[in-house]
Structures are given as C-alpha cells and as structure tokens.
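Biologist: I'd like to learn how to read a fold from its overall build down to one side chain. Can you walk me through an example?

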Amino acid sequence: MRVIQPWVQAAARPGVFFVLGAVTAVFMAVFAAVLVPAIELASGAPPPDVALLQTPADFFAWLRSGGAEVRRLYGLFLVADTFYPVVYALFLGAWLWRLEPWGRLWPLPVWAAAADYVENLAHALLLYAYPAEPAAPAVVAFVATPVKWAFIALTLLALLGRALGRRR
C-alpha cells in the first residue's frame with residue numbers, strides 16, 4: 001500500500017480529484033447505458049461481473065447460450081474494465097483521503113480494484129479458453145466477484161460514514 005499511497009494523495013488534489021470523478025462517471029455511464037444492456041440483450045442475462053453469486057456452471061451456461069456475439073461483447077466489456085478499476089480506486093481512495101487524511105480506510109477501493117483485476121483476468125482466461133471450460137479460473141472468478149462487491153460496499157459505507165461524521 002505504501003507504493004499506492006502517493007498516487008491516492010496526488011489524486012486527492014482538487015483538480016485531479018474532480019477530473020477522476022468525471023472519468024469515473026463516464027465509465028459508469030458507458031457500462032450502465034451501453035455495455036451491460038448490450039450484453040443483456042444478446043444473452044438474456046447481465047455480464048458475470050455484475051452478478052453477485054454466479055457459479056462456474058452458471059458462467060459456462062451463460063457463455064455457451066450467448067453465442068459468438070456475447071463473447072465479442074463481453075471481450076469489449078473486459079477491455080473497458082481493464083482501465084476502470086484503477087480509475088475508481090484512485091477516485092474513491094482519494095475521496096476517503098480527503099475526508100480523513102492519513103486514515104486507514106483509503107485502501108478499501110484499492111482492494112476492490114485488486115479483486116476486480118483478479119476477476120477480469122479469470123474471465124479473460126475463460127473467454128480465451130472457450131469452448132473449453134477450465135474449472136480453476138471459474139472458481140477464482142466466482143470468489144473474486146463477491147469480494148470485489150464487498151470492498152465496494154465497504155468503501156461506500158466508509159464514505160457515507162465519514163461524510164456524515166464531518167457534518168456533526
């Protein structure tokens with residue numbers, strides 16, 4: 001974390017913080033308004049990154065049922081999701097830093113991003129291996145996805161708690 005801390009501190013500077021916030025919002029909008037709906041339309045289900053507890057069997061069934069178009073769209077999703085975790089980790093970490101400099105909570109979004117990268121790598125390996133269905137990366141993704149969402153939830157709760165604490 002000592003390597004990442006200076007980056008979070010730099011991201012907490014007002015100008016950088018607001019640019020990161022805007023970039024985070026653009027990423028969220030593209031995912032929510034374009035990529036996720038396109039994948040849902042093609043497959044009938046959301047991408048595995050947004051499904052909290054998708055078993056390996058569920059993932060393989062989703063990948064098979066969606067055909068080549070879903071695999072193509074999901075590949076695009078994973079390319080975009082290569083950049084998004086670092087953006088949201090810096091933005092949310094900087095936000096926590098701004099609320100509590102030198103506090104202990106700023107690493108929460110960094111851990112979320114780390115889990116997100118593990119999840120993305122596992123899904124990319126599964127996409128690359130298709131039509132094979134290797135169990136190990138599927139299990140890794142199955143574990144990484146809820147861990148990512150848990151750290152994101154903890155981050156949002158920490159932001160809310162710190163923001164409310166400052167108002168008193």
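This is a predicted model: local features need pLDDT of at least 70, side-chain atom pairs count only at pLDDT 80 or more; totals for chains, interfaces and linings use all residues.

Biologist: Fine. How many helices and strands does the protein chain have?

Modeller: Start with the element count: five helices and zero strands, so the order from the N terminus reads α-α-α-α-α.

Biologist: And what radius of gyration does the protein chain have, next to a compact globule?

Modeller: For 168 residues a compact globule would come out near 15 Å, and the 17 Å of the protein chain agrees with that. The C-alpha trace spans about 55 × 30 × 30 Å along its principal axes. Buried residues are 42% of the 168.

Biologist: Now a helix pair. At what angle do H3 and H5 pack?

Modeller: Look at angle and axis distance together. H3 (residues 56-99) and H5 (residues 135-167) pack at about 30°, their axes 12 Å apart. Angles under 35 degrees count as roughly parallel, so H3 is roughly parallel to H5. The crossing of H3 past H5 is left-handed.

Biologist: Which residues of H3 and H5 meet?

Modeller: Among them are Tyr88, Leu92 and Trp95 in H3, and Phe142, Lys148 and Ile152 in H5. By class, this contact has 14 nonpolar, one polar and four charged residues.

Biologist: Is Lys148 buried or exposed?

Modeller: Check the relative accessible area: under 20% is buried. Lys148 has 3%, so it is buried. Beyond its neighbours within four places in sequence, Lys148 contacts Asp49, Tyr88, Ala112, Ala115, Asp116 and Glu119.

Notes: Residues are numbered from 1 along each chain as its sequence is written. Side-chain values use heavy atoms; hydrogens and water are left out. Axes are lines fitted to C-alpha atoms, for helices over the stretch in contact, and angles run from 0 to 180 degrees between N-to-C directions. Helices (H or I, at least four residues) and strands (E, at least two) are DSSP runs, numbered from the N terminus. Angles under 35 degrees count as roughly parallel, over 145 as roughly antiparallel, 65 to 115 as roughly perpendicular and the rest as oblique. A crossing is left-handed if the near helix is turned anticlockwise from the far one by less than a right angle, and right-handed if clockwise. Contact means heavy atoms within 4.5 Å. Ala, Val, Leu, Ile, Met, Phe, Trp, Tyr, Cys and Pro count as nonpolar, Asp, Glu, Lys and Arg as charged, and the others, Gly among them, as polar. Buried means under 20% relative accessible area, exposed over 50%, partly exposed in between (1.4 Å probe, protein chains only). The radius of gyration is taken over C-alpha atoms; the globule rule is 2.2 Å times the number of residues to the power 0.38.
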